[in-house]
Amino acid sequence: MLQSLPASVSRWILGLVPWQPTFLVVAVVGSLAVVRYLTPNEPRWGDRFRRRWVLGVPWGTLLTVLGVLLVYWVVQGGWAHPRNPMVIPFRSWSYFYPLGTLVAGFAHNGVGHITGNLTGTLLFAPIVEYYVGHYPDERGSESFATPLTNPFVRLLAVPVGSFFAGIFTGLFSMGPVIGFSGVVYAYVGFGMVTRPLLTVFVLVAERVVDLVYAGLRNPVVTREPRPGFISPWWADIAIQGHAIGILLGVVVGIALLARRDDYPNPLYLWFAALVLGIRQSLWAIFTPLGANTYVLFRAVGVGIVFLFAALIATGVSASNRSLVPQLGDSGFDRPTRGTAVRTLVVALVLLSAMAVPFGLTTISGDLPEDAETVEVRDYTVTYVEGVPNQYVSLANEYLFGESRGIRSSGIVVLSERRRVWIEAVSKGQLAHNGRATVRVGGLGWRKAVYAHREGWSLVGNGSAYAVELREEGERGILAYATDRVRAEPVIAGRNVSIVPAAEGFEVVVTENGTVRGRSPIPAQSNATRVGGLTIDREGRDLFAVHNRTRVRVAKKAIPRAQQD
């Protein structure tokens, strides 16, 4: 397929950007209409749904989506700030901070995050709800005969089960996680063992839905090479949280299969588990070695996915045959399907137990003595560089002894009462954007802290910059300032440096290490005399002038995000 279009064609397509979402919608609807026309004799899905759901609607799935939205809109303040909700108090920081642990499984850190998880809910939760059904299908049972056969009670199975699954993932996910993805993976695990081929189909359809949504939201994407380290995609995946979600769904699904004595084909199960593990990147087992170093154990991860697929197929197989032949009278019982099921349960317990030391967290150490902070009730907000991360888990400190190896640079939020220590905005993010907003608070209240970074790039020798923090409705403070930074050029035996000051920046002229003069940087299109040199500013550029020698020594830094 042709991947690169001629420039003239590309320009013509770019001119049609406003019409591209319309084109995508028409194409999707037209394609679906063609498929429906080509399969006129297929049973109507509406009839199937009405046999399983009240009025043919997955009410439980819709109630679950509404509940997650209410957490985002009301509890996190996402209705007022949809792209920047309050996140910090709703992470699973510690068992000593129950609010975060209980809410973490339902909260999200932005529009993209919640959109992805709700899309997964709308795709996979109906599989669970379809298998459970609003109407009882056991022989001899009648609707409304008992509470458990009441359709209006049974349709609550998904939201109630999702609530407990969200609490479970919040309790037993390692580190201060947030998000509904653990519950979504429980849906996937349940669907994989009860309706494996349908789950594989939906896994593929999920990618299609994601791509259509991305096409509607951003019809044209432009990318340019940018300097700096970018963490690999697999370093942002909460593998342990996803794994316990899947295993939880698998175990619950197996229990319901056993109750109904309704087992799918083991080959289908093996294939579904393999596709799930590869598609959802469960093979991406990694460990951080430092601030910018990660190690991916790809071979081990892929091997574990294959073993996981075999274990699932064995544990859910309708056959109860032994897994290995009997070798004489050895005295050992041969492993059976029950052994595989117990192995899955043990895996779930062990993976969950791994999170317990991380939940027994504490905050150790202090901020630098000279740190300037903004205090918002029990929160402390400041800017640091190269400071040891104080979010210390028992596992890191006592098992690995590496708690001090992780350092933070950027806007840090600290709350000893809530056991919170987080690098809310990294140094690189603030440099790229120039500004940032950090929201702190709790149930029923929230406050914003604004950060602003300003600086100058010195020719040949880095940048001088300052960071200001300001609480909503208050005056700002200078939270951080670099030391004096000297430009590389030498003009008439003199060096030019820039240093942050209480108000703006100052230019300093030195000769053999002795300060000859200092003055505030002149305004645009102005010049000033400092230490025997004329410092001339033209737009963003700063020049040092001596006689007929004119050398650019610095440039006003404009955040890349503001250049786009």
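A: Two strands are said to pair if DSSP finds at least two bridges between them, and the strands themselves (E, at least two residues), like the helices (H or I, at least four residues), are DSSP runs numbered from the N terminus. The model is predicted, so local features need pLDDT of at least 70 and side-chain atom pairs count only at pLDDT 80 or more, while totals for chains, interfaces and linings use all residues. Residues are numbered from 1 along each chain as its sequence is written, and side-chain values use heavy atoms, with hydrogens and water left out.

Q: How do you know that β15 and β16 pair?
A: Strand β15, residues 505–511, is joined to β16 over six bridges in the antiparallel sense, and since pairing asks for at least two bridges, the two strands pair by definition. Within β16, Val515 is the residue that stands opposite Thr510.

Q: What makes β13 and β16 stand at the edges?
A: The open sheet has four strands in the order β13-β14-β15-β16, paired antiparallel. Both β13 (485–491) and β16 (514–520) have a single partner strand, so one side of each is left without a neighbour in the sheet. On average, neighbouring strands here are turned by 25° against each other, direction ignored, where the axes are lines fitted to C-alpha atoms and angles run from 0 to 180 degrees between N-to-C directions.

Q: Why is Asn512 called exposed?
A: Exposed means over 50% relative accessible area, buried means under 20%, and partly exposed lies in between (1.4 Å probe, protein chains only). Asn512 is found in the loop between β15 and β16, and because its relative accessibility is 73%, it counts as exposed. Its phi is positive, near 55°, in a residue other than glycine.

Q: Why does Asn547 count as exposed?
A: Asn547 lies in the loop between β19 (541–546) and β20 (549–556), and its relative accessible area of 69% makes it exposed. Asn547 also has a positive phi, of about 55°, although it is not a glycine.

Q: Why is His432 called partly exposed?
A: His432 belongs to helix α17, residues 427–433, and its relative accessible area is 26%, so it is partly exposed.

Q: Why does Ser408 count as buried?
A: Ser408 sits in strand β7, residues 407–415, and its relative accessibility of 1% therefore counts as buried. Contact means heavy atoms within 4.5 Å, and beyond four places in sequence Ser408 is in contact with residues including Val384, Gly386, Trp421 and Glu423.

Q: Why is β7 described as largely enclosed?
A: Seven of its nine residues are buried, so β7 is largely enclosed by the rest of the structure. Strand β5 (residues 379–388) pairs with β7 in the antiparallel sense over seven bridges, with Thr380 as the bridge partner of Leu414. Strand β8 (residues 420–426) pairs with β7 antiparallel over six bridges, and β7 and β8 form a hairpin with four residues between them, where Arg419 in the turn has a positive phi of about 60°.

Q: How do you know that the span of α9 is close to what is expected?
A: The expected span of a helix is 1.5 Å times one less than its number of residues. Helix α9 (residues 181–194) has 14 residues and reaches 20 Å from first C-alpha to last, close to the expected 20 Å. This helix is mostly covered, with 14 of its 14 residues buried.

Q: What makes a group of 61 residues a nonpolar core?
A: A nonpolar core is a set of buried Ala, Val, Leu, Ile, Met, Phe, Trp, Tyr and Cys residues joined through side-chain atoms within 4.5 Å. In the largest one, of 61 residues, those touching the most other members include Phe124, Tyr187 and Met192. Helix α11 (residues 239–260) gives the most to this core, nine residues.

Q: Where does pLDDT stay under 50?
A: pLDDT is the predictor's confidence in each residue, from 0 to 100. The protein averages 81, and 82% of the residues score at least 70, but over residues 1–5 the value stays under 50. Where pLDDT is low, the predicted coordinates should not be read in detail.
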